[in-house]
Amino acid sequence: MKTIKVKGMIVSDDVAAIYNWLGYDVTAPKDVVLPEDSSDVTVEINSPGGDVYAGAEIYTALRAYEGTVNVNIVGMAASAASVVAMAGDHVAISPMGQMMIHNASAGAQGNAAAHQHLATVLEGVSSQIADSYAARSGKSATDFKALMDKETYFTAKEAVEQGLADEIMFEDNEAPAVAAGFGVLPTEVLNKARRMMSNEPASKSTVVLKAESIKAIVVEAIKPLQEQIDALKKPVAKQNTEPKEPQPKRFLF
């Protein structure tokens, strides 16, 4: 049985190479290669989520697959990763695993009309996400939307009780509370990395830098991201908090 790993941030195909170049583990839709013979597959998930449309593409591919899709949540299935989990014909979660659901988010620039338009779009996306939870669990999408509004974490036991998972792997132990967050690189960092990877100058006045200087710039630019990653390694009390939202152009979830 083939095993497909959904680990790290979920990102779009066009930026996956940049994350890999910077040393980050990510999953993009192109990484989910399903067997041509429709044989059963296992999907292992340990991801904080990421790009909502990349997650939707993975979810759709798994739902459309003719073979049996067995999902194992071996760590965290948060945000977009929780939607990917909903594509499984059977979902099992580690006794130490967790799920997190919340509303889609994005940054916007422009006047009041632009922000109001974005708010409407995000409401629609969040409603679709709630529908995916309801379709699998048989419970109300309205109930899940209320949980998403609060940003809700589920232990393994709670995930099964909500119908988001079918069973707890190994034994029925409740997992401890953990912290979760996002590791999305800022758009400006992605653009700088693209230029460095392609050796294209940013402008006619670009100054040539040594490799050491370029590395220092990248390290400084992703310092906030590294701090978030380091924070994830420190256990904290379970709580509902509003995370600091990044300002990328694509929708995050």
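Modeller: Contact means heavy atoms within 4.5 Å. The model is predicted: local features need pLDDT of at least 70, side-chain atom pairs count only at pLDDT 80 or more, and totals for chains, interfaces and linings use all residues. Residues are numbered from 1 along each chain as its sequence is written, and side-chain values use heavy atoms, with hydrogens and water left out.

Colleague: Which residues does Ile45 touch?

Modeller: Leaving out residues up to four places away in sequence, Ile45 touches Val6, Val71, Asn72, Ile73, Val74, Gly75, Met76, Ala77, Ala81, Val84 and Ala85.

Colleague: What makes a set of residues a nonpolar core?

Modeller: The members are buried Ala, Val, Leu, Ile, Met, Phe, Trp, Tyr and Cys residues, joined through side-chain atoms within 4.5 Å. The largest such core has 46 residues, and Ile45, Met99 and Tyr133 have the most contacts inside it. Helix 4 (residues 112-137) contributes the most, seven residues. Helices here are DSSP runs of H or I, at least four residues; strands are runs of E, at least two; both are numbered from the N terminus. A second, separate core has 18 residues, including Leu22, Val184, Val189 and Leu190.

Colleague: Why is Ser79 called buried?

Modeller: Buried means under 20% relative accessible area, exposed over 50%, partly exposed in between (1.4 Å probe, protein chains only). Ser79 has 0%, so it counts as buried. Ser79 lies in the loop between strand 5 (69-78) and helix 3 (80-85).

Colleague: Why is Ser38 called partly exposed?

Modeller: Its relative accessible area is 27%, so Ser38 is partly exposed. Ser38 sits in the loop between strand 3 (26-27) and strand 4 (41-47).

Colleague: What is the phi of Ser38?

Modeller: Ser38 has a positive phi of about 60°, though it is not a glycine. Most residues other than glycine have a negative phi. Ser79 also has a positive phi, near 55°.
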